[in-house]
Amino acid sequence: MDDYAREMMDLKTLVTRTLEKKGVLAKIRAELRASVFEAIEEEDRVVENDEGLPPALLGSCNERAKQLHASPSGRLLTALICEYLEWAQLNHTLKVYLPECNLQKDFWKSELKEFSGKNGYDLNRNGDSGPLLLDVLEGFLKFENLSQGRGGGRRISEAESLSSLDSRNVRRPFSSSVAGGLPPLGRPASSQTSDRRAGSSMNGYRKDEYSWRYDSDELPEDVIRASAALENLQLDRKAHNLTTSWRPAGDGMSDDDGRALPLSPEPNDRNVQWVFLGCPGVGKGTYASRLSNLLGVPHIATGDLVREELNSSGPLASQLKEIVNQGQLVSDEIIINLLSKRLEAGEAKGESGFILDGFPRTIRQAEILEGVTDIDLVVNLKLQEEALLAKCLGRRICSECGGNYNVASIDIKGENGKPGMYMAPLLPPPHCASKLIQRSDDTEVVVKERLRIYNEMSRPVEEFYHQRGKLLEFNLPGGIPESWPKLLEALNLEDYEVKQSAAA
Ligand SMILES: Nc1ncnc2c1ncn2[C@@H]1O[C@H](COP(=O)(O)OP(=O)(O)O)[C@@H](O)[C@H]1O
């Protein structure tokens, strides 16, 4: 090489380095590649139109990427990458990426549109928004932290779970923007808002198509956090070796007559973990509280927890008042937080076992409960529809001792083969009589709405437990005097009561 050639080489190297330092060369290279791809694409289109031949680039995509693009998650992934490239103004890369992936120019826009339409995510971005991929990543990392918390690595404290409740009030709902973290795919944004109360994991949920590697991917983040708190409690219980003592001994199925589910006590095991289901006014509170006295386990009524909270000066009070007075359900995460708090307080006092009344009320709540603990038995109390409204309207509570009474005298005539029913009023003792109050949600309009919501959202919970062989259907034959002995019989507890009273 002569001097001139060497000088030219040095100059070329210098220019290249300078350009590389300034990033100019990389840009030129990208531009060049993009132009080459564009030229081939253009040529492709001509060939395709003129000769009906398959385009040169189409089909060039490697097998691995092709397989991924065949799945909805793979297409969505590619669309998110494109959205990022556009956001980052990496237009040359985008021009190379799309043809190399064997995808049409605007495929990714329609893919995102379809995804947002089907899943309820509003993917509209404002000027300050980052790329969607970043939201997905942030959502994932949040979820990962939570999962680790759930997995036993890190306990989520009550303070944390409650602080999430507060932040929920100020955070933008997912449905209005994905900012703040798109949850892992498969969790519908609609569940973050009103649909959250629908309790159906089927609602807009496309787990089959957009699968993720976690079981609970349909749960909103707040619910996961709250259920993690619940699960922590459960882990503690397990550590204390408090396992089941009463469980259906047979296949657990019962018929509609409330025939006994055989229960077998298992000594040295944990106390009962029962659930009471039933329409508003059916008497869940009455019978659950009697059984709790008999079995020595706490009766935990989520309705009571909600009322305590709404009567407090806490941050949720006014929000809860409004929801309850309209007969609506409180959101899953609030309920689960209240329940976790109550269980934790009970645990600190040495309580074990429970009879839950009013929880779960949605399929989602049932799934969460099922995921964190083993419920032994679910008692579904049933009463003729016309008695329910009258019972709610006649319900009175002593403002001092909290005692529950009923001033209604219910006398339903038997007709068309249906048996009649008489329920005498349950009047308060004299010292409570002047202190009776009525629940603000026990008005005719609100009770009717509560009944409607029960049928819509809580009825499926009956089927949920029926399928798991845990449901005991119990038709109340009348008031407490007729019903209580029959219920004890159905629960195989009649002897237990006798023994308990003898021991007392
Ligand atoms: N598990 C729950 N999920 C959602 N909301 C609940 C739940 N439990 C109680 N609530 C709220 O508290 C209110 C009162 O509950 P509760 O006393 O159990 O009423 P009911 O007599 O209708 O069974 C409900 O109408 C609802 O707003």
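A salt bridge is a side-chain nitrogen of Lys or Arg within 4 Å of a carboxyl oxygen of Asp or Glu. The structure is a predicted model, in which local features need pLDDT of at least 70 and side-chain atom pairs count only at pLDDT 80 or more, while totals for chains, interfaces and linings use all residues. Residues are numbered from 1 along each chain as its sequence is written, and side-chain values use heavy atoms, with hydrogens and water left out.

**Exercise 1. The chain as a whole**

Task: State how many helices and strands the chain has, and what share of its residues is buried.

Solution: 
- Step 1. Helices (H or I, at least four residues) and strands (E, at least two) are DSSP runs, numbered from the N terminus. The chain has 19 helices and 12 strands.
- Step 2. Buried means under 20% relative accessible area, exposed over 50%, and partly exposed in between (1.4 Å probe, protein chains only). Of the 504 residues in the chain, 46% are buried.
- Step 3. Contact means heavy atoms within 4.5 Å. Take the contacts between residues at least 6 apart in sequence: 73% of them join residues at least 24 apart.

**Exercise 2. Salt bridges**

Task: Find the salt-bridge partner of Glu309, then examine the pairs Arg364 and Asp332 and Asp441 and Arg450.

Solution: 
- Step 1. The whole structure holds 22 salt bridges.
- Step 2. In one of them, the side chain of Glu309 meets that of Lys341, at 3.8 Å from N to O. This pair links distant parts of the chain, with Glu309 in helix H11 and Lys341 in helix H13, 32 residues apart.
- Step 3. Glu309 counts as buried because its relative accessibility is 14%. Lys341 is partly exposed, at 29% relative accessible area.
- Step 4. Arg364 and Asp332 form a salt bridge at 3.7 Å, N to O. Arg364 is in helix H14 (residues 363-372) and Asp332 in helix H13, so this pair too links distant parts of the chain, 32 residues apart. Both Arg364 and Asp332 are buried.
- Step 5. In the salt bridge of Asp441 with Arg450, the closest N and O atoms are 3.6 Å apart. Asp441 and Arg450 are both buried. They belong to a network of salt bridges that also links Arg395, Arg439 and Asp442.

**Exercise 3. Nonpolar cores**

Task: Name members of the largest nonpolar core that touch the most other members, and list the contacts of Ile355.

Solution: 
- Step 1. A nonpolar core is a set of buried Ala, Val, Leu, Ile, Met, Phe, Trp, Tyr and Cys residues joined through side-chain atoms within 4.5 Å. In soluble globular proteins, nonpolar side chains tend to be buried together.
- Step 2. The largest core has 68 residues, of which Trp274, Leu291, Ile355, Leu381, Tyr465, Leu487 and Leu491 touch the most other members.
- Step 3. Leaving aside neighbours within four places in sequence, the contacts of Ile355 include Val272, Trp274, Phe276, Leu291 and Ile300.
- Step 4. Another core lies apart from the largest one and has 17 residues, among them Leu76, Leu94, Tyr97 and Cys101.
- Step 5. Leu94 and Tyr97 are also among the buried residues of helix H5 (residues 91-100).

**Exercise 4. Glu370 and its partners**

Task: Locate Glu370, and list the residues that it touches.

Solution: 
- Step 1. Glu370 is in helix H14.
- Step 2. Its relative accessible area is 23%, so Glu370 is partly exposed.
- Step 3. Not counting residues up to four places away in sequence, Glu370 touches Phe464, Tyr465, Arg468 and Lys470.
- Step 4. Glu370 and Tyr465 are 95 residues apart in sequence, and 9.6 Å apart in space from C-alpha to C-alpha.
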